[in-house]
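Student: Hi, could we look at how some helices pack in this protein? I'd like to start with one pair and then switch to something else.

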Amino acid sequence: MNAPDIAALVEHLGTAARAASRAMAAAPTAAKDDALRRLAASLRSEAAVLGEANERDLAAARQNGLEGPMLDRLKLTPKVIETVAEGCEQIAAMPDPVGEISDLKRRPSGIAVGRMRVPLGVFAMIYESRPNVTIEAASLAIKSGNAAILRGGSEAIHSNAALANLVRAALQAAGLPGDAVQLVPTTDRAAVGRLIAMPEHVDVIIPRGGKSLIERIAAEAKVPVIKHLDGNCHTYVDAEVDLELALRVTDNAKTQKYSPCNATESLLVHRDVAAAFLPRIGAVFAAKGVEMRCGPRAKAILSALPNAKLVDATEADWSAEYLAPIISIKLVDGLDDAIAHINRYGSRHTDAILTTNHARAMRFLREVDSASVMVNASTRFADGFEYGLGAEIGISTDKLHARGPVGLEGLTSLKWVVLGQGEVRA
């Protein structure tokens, strides 16, 4: 498409989304839940149609040389379809945050002052690869009373279009505006540039994908962005620790799945427990083919392990997000050292302490400057579903407006409301 056509297209999407957002903000909970349940039903009944659209994307991806994990992310298998259908039903069953009034307090003047939760309005989501994100974003938009403009990756255009058709049909069948969830129908990158520069139509941008995509959006957007760039998550093993717990949790945090942003990438171990802990966790990593990029003190302890992949850590390794069977390992001299390391090299995503010392655990929670901070738990729990949010639109490492997994509540904001009985200010 040429530039004028793209500008006109995106302007049309924005205008329609803004109009739909007003209707969605006023929509009754029953209508929103009806749309979500209809969407779940159609996902199941139209699985064959979705499979055909997805196969077109997969064939094109194979022709373009895509393989391995990148190809897997594109697949709309029956299991994936069932998972997103169940997600729609779960969100329908959750309480509606819109219109909730909290912290209502009577003032000396007689007025009552509180805060009401309201939708953000219109959010634009720009994402890559996984077509299931189309349904996750749509379902959260519907329940939170927002309108959404979705721009998926070019590699999933046919799958996303088929899914968006089901969303539109479900909305209309429930008496809601079909334009409440729209898919950008072009793969031209210029459309993204226009979309992120329309504050008159779009209230917030949510990028979900690789670092280069998110950096571009953050640099060029003229509206607020909810984002995270990296997931350099840490697990710190304290001197006072249950070793069996530490082995189990550290193993899970790193190896349960390598590609998510909440997998542990850096392991910090207190020097007093290193001789007892490192050889054991090192043997686990070695058996699973995990490469260990070590500081000198850690490498000295691990060097006796047979078949271990040991590499000298560089300065860059302390801040790296590997998304692969690689982990950096460093000995620290104490809690202060661990906190200082995390706050310097971490990405403000998720960090955990493994300890039996309550005072140290509380200090770690207070002083580590991350969106999620954990005690004696795997960093892999940093997830909207695991946090009871039903689903998540993404993870935010920003401090305003949302932080951590962003679910229904993160897609709303608060406004002040005042309830009176004729009071006037003296």
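**Helix packing**

Tutor: Helix α2 passes helix α5 in a left-handed crossing (the near helix is turned anticlockwise from the far one by less than a right angle; clockwise would be right-handed). This is a predicted model, where local features need pLDDT of at least 70, side-chain atom pairs count only at pLDDT 80 or more, and totals for chains, interfaces and linings use all residues. Residues are numbered from 1 along each chain as its sequence is written, and side-chain values use heavy atoms, with hydrogens and water left out.

Student: Which residues of α2 and α5 make the contact?

Tutor: Among them are Leu36, Leu39 and Leu43 of α2, and Ile81, Val84 and Ile91 of α5 (contact means heavy atoms within 4.5 Å).

Student: At what angle do the axes of α2 and α5 cross?

Tutor: The axes of α2 (residues 29–45) and α5 (residues 78–93) cross at roughly 165° and come within 8 Å. That makes α2 roughly antiparallel to α5 (an angle over 145 degrees).

Student: New topic: which residues of α13 are buried?

Tutor: In α13 (residues 335–345), the buried ones are Leu335, Ala338, Ile339, His341, Ile342 and Tyr345 (buried means under 20% relative accessible area, exposed over 50%, with a 1.4 Å probe and protein chains only). Seen down the axis of α13, they fall within an arc of 160°, so they line one face of the helix.

Student: And what's on the face turned away from the buried side of α13?

Tutor: That face carries Asp336 and Arg344, which are exposed.

Student: What covers the buried residues of α13?

Tutor: The cover includes strands β7, β8, β11 and β12, along with helix α14.

How values were computed: Axes fitted to C-alpha atoms, helices over the stretch in contact; angles between N-to-C directions. Helix = DSSP H or I, 4+ residues; strand = E, 2+ residues; numbered from the N terminus. Parallel < 35°, antiparallel > 145°, perpendicular 65-115°, else oblique. Arc of directions from axis to C-beta.
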